[in-house]
Amino acid sequence: MKRNLLVAIALMLIFSIAAIAGTISGKVSGVAGESVVYVDAIQGKTFPAPTQHPVVDQKGLLFQPHITVVQVGTTVDFLNSDKVAHNVFWTNVGGNKKLGHNLGTWPQGEKRSFKFDTPGAVPLLCNVHPEMSGYVVVVPTPYFAESDKSGNYKIENVPDGSYTVTAWHEGAKNQSKPVNVSGAAKADFTLSK
Ligand SMILES: [Cu+2]
């Protein structure tokens, strides 16, 4: 009797670990450098917005990091660490020009915040320094990853299920594909301009 109970508990543990430990991994080809891969909106599912504010720093006349991926609803803090004044603006979110916005221009040590409520890539620019560019990529779920420079990515902690997974790369067309997660799933992408 006692042994059966232990076996049952062990089995439950194994199944629960398997259920929470799904991953989606693979490689994004056809483009050079980092890509973003994410699970698209899941019907009937919403996720609480993260309370942490990622920081996009303007430092050394660069947006650092160059690409920041956030879940929809996240507030991003834009910091200026340079001695010169910087501006932050974007002309669209995911191609929607109605969502263009200018955050203004501010000096060293100050920051301004913005809450991103619509999924899509936000191309960051500075109107003081036309050569500066960066991206905030706003994604609909907490299941996302940035690839390494070779395009390899891994999304952790994806519950088992059927999803649409999308790959994004600066200047390339998005590619989406259906992925079934039951433990470890694989999905490769080939992007082009
Ligand atoms: Cu600037």
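1. Charge first. The chain carries 17 positive and 14 negative side chains. The centres of these two sets are 6 Å apart. This is a predicted model.

2. Secondary structure and overall dimensions. There are 17 strands and one helix in the chain. Along the principal axes, the C-alpha atoms fill a box of roughly 75 × 35 × 30 Å.

3. Contacts along the sequence. Take the contacts in the chain with a separation of 6 or more: 62% of them are between residues 24 or more positions apart.

4. Burial and surface. The chain has 193 residues, and 39% of them are buried. Its accessible surface is about 10700 Å². Carbon and sulfur atoms account for 57% of that surface.

5. The largest nonpolar core. This core holds 21 residues. Ile24, Val28, Val37, Tyr153, Ile155, Val165 and Phe189 touch the most other members. Two or more residues each come from strands S1 (23-29), S2 (36-39), S13 (152-155), S14 (161-168) and S15 (175-181). S14 gives the most, with three residues.

6. Val28 up close. Which residues does Val28 contact, leaving aside its neighbours within four places in sequence? They are Ser35, Val37, Ser150, Gly151, Tyr153, Ala167, Phe189 and Leu191. Val37, Tyr153 and Phe189 are also among the core residues that touch the most other members.

7. Another core. Apart from the largest one lies a core of 17 residues. Its members include Phe63, Val76, Val93 and Val138.

Terms used
Residues are numbered from 1 along each chain as its sequence is written. This is a predicted model: local features need pLDDT of at least 70, side-chain atom pairs count only at pLDDT 80 or more; totals for chains, interfaces and linings use all residues. Side-chain values use heavy atoms; hydrogens and water are left out. Helices (H or I, at least four residues) and strands (E, at least two) are DSSP runs, numbered from the N terminus. Buried means under 20% relative accessible area, exposed over 50%, partly exposed in between (1.4 Å probe, protein chains only). Contact means heavy atoms within 4.5 Å. Accessible areas come from the Shrake-Rupley method with a 1.4 Å probe; for residues, only the protein chains shown count as cover. Lys and Arg count as positive and Asp and Glu as negative; His and the chain ends are not counted. The place of a charge is taken as NZ of Lys, CZ of Arg, CG of Asp or CD of Glu. A nonpolar core is a set of buried Ala, Val, Leu, Ile, Met, Phe, Trp, Tyr and Cys residues joined through side-chain atoms within 4.5 Å.
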